[in-house]
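I opened this entry to record what I looked up, one topic at a time. The structure comes first, then my notes.

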Amino acid sequence: SHLVAHGEQQGQTKSTFGNLNIDWNADDKNTHLEFASTSITDGNGHALTLTSDGIALDYTVRQAGNGTDQELVAYKHGDPLGADNPVFIVSLNAPVNPAFIFTLFQNLDHPGQGADTLSLHFTVNGFDGDGDSVQQTFAVDIKDDVPTAGGNIADQIVGEDGLAGAN
């Protein structure tokens, strides 16, 4: 699935989510999701080297808030806060309807100027109740923001009255 997180203003958090289209069938108890790797790829399967404010990103995988699944955290290399100051987090959630949540906390650098889209592809492994697995890939598209003008500005008048030499 392709989802879009629009905008990247500093200080704003942007989130999107999607269904992973995994059916556990009869083995739907004790299911969980894991990232296949920390490699994030483009649409052709090539590894991306992501940056934020010109700083390369590091990644860590940790247990998600639900206590069962995983989340991938991207943070700026050298940041003393590390994963506690994320650029983005991708959380997985297996129970009932397997899904992901992508949350963007800081801007991602885009390869070009203007309103271009950066497509991030993630691969996950889903495990059913008796250990069988299936692999699924999903994408999140990050659309770069661009400045906008709010409309016409009325002409302003400045008078010369009171100026020395005014006529």
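I find an open sheet of 6 strands in the order 2-8-7-6-5-4, with antiparallel pairing. Strand 2 (14–19) and strand 4 (51–52) stand at the edges. Each has a single partner strand, so one side of each is left without a neighbour in the sheet. I kept in mind that this is a predicted model.

Strand 5 (residues 55–63) pairs with strand 6 in the antiparallel sense, over 7 bridges. I looked up Y59 and found it opposite A74 in strand 6.

**Core.** Which residues have the most contacts inside the largest nonpolar core? I noted F88, F102, L108, L120, F122, F138 and I142; the core has 26 residues. At least two core residues come from each of strand 3 (32–35), strand 6 (70–76), strand 7 (88–93), strand 8 (99–104), strand 9 (117–127) and strand 10 (133–143). Strand 9 gives the most, with 4 residues.

I then listed the contacts of L120, leaving aside neighbours within four places in sequence. Among them are I40, T41, L48 and L50. L120 also touches F88, F102, L108, F138 and I142.

**Aromatics.** I counted 5 aromatic pairs. F100 and F138 are stacked, because their ring centres are 3.9 Å apart and their planes lie at 15°, under the 30 degrees cut-off. F100 lies in strand 8 and F138 in strand 10, so the pair ties together parts that are 38 residues apart in sequence. Both residues, F100 and F138, are buried.

F102 sits in strand 8 and F122 in strand 9, 20 residues apart. F102 and F122 are both buried. I noted one aromatic cluster formed by F88, F100, F102, F122 and F138.

**A99.** Buried or partly exposed? A99 has a relative accessible area of 19%, so it counts as buried, the cut-off being under 20%. I place A99 in strand 8. Leaving aside neighbours within four places in sequence, its contacts are G18, N19, L20, L33, S91, L92 and N93. A99 and L33 are 66 residues apart in sequence, yet 9.3 Å apart in space, C-alpha to C-alpha.

**N107.** Last, I looked at a loop residue. N107 is in the loop between strand 8 and strand 9. N107 counts as buried, at 14% relative accessibility. Its side chain makes a polar contact of 3.2 Å with the side chain of D53.

Methods: Residues are numbered from 1 along each chain as its sequence is written. This is a predicted model: local features need pLDDT of at least 70, side-chain atom pairs count only at pLDDT 80 or more; totals for chains, interfaces and linings use all residues. Side-chain values use heavy atoms; hydrogens and water are left out. A nonpolar core is a set of buried Ala, Val, Leu, Ile, Met, Phe, Trp, Tyr and Cys residues joined through side-chain atoms within 4.5 Å. Buried means under 20% relative accessible area, exposed over 50%, partly exposed in between (1.4 Å probe, protein chains only). Contact means heavy atoms within 4.5 Å. Two strands pair if DSSP finds at least two bridges between them. A polar contact is a pair of N or O atoms within 3.5 Å; within protein, one must be able to donate a hydrogen and the other to accept it, and residues adjacent in sequence count only if both atoms are side-chain atoms. Rings of Phe, Tyr and Trp (its six-membered ring) pair if their centres lie within 6.5 Å; planes under 30 degrees apart count as stacked, over 60 as edge-to-face and the rest as tilted.
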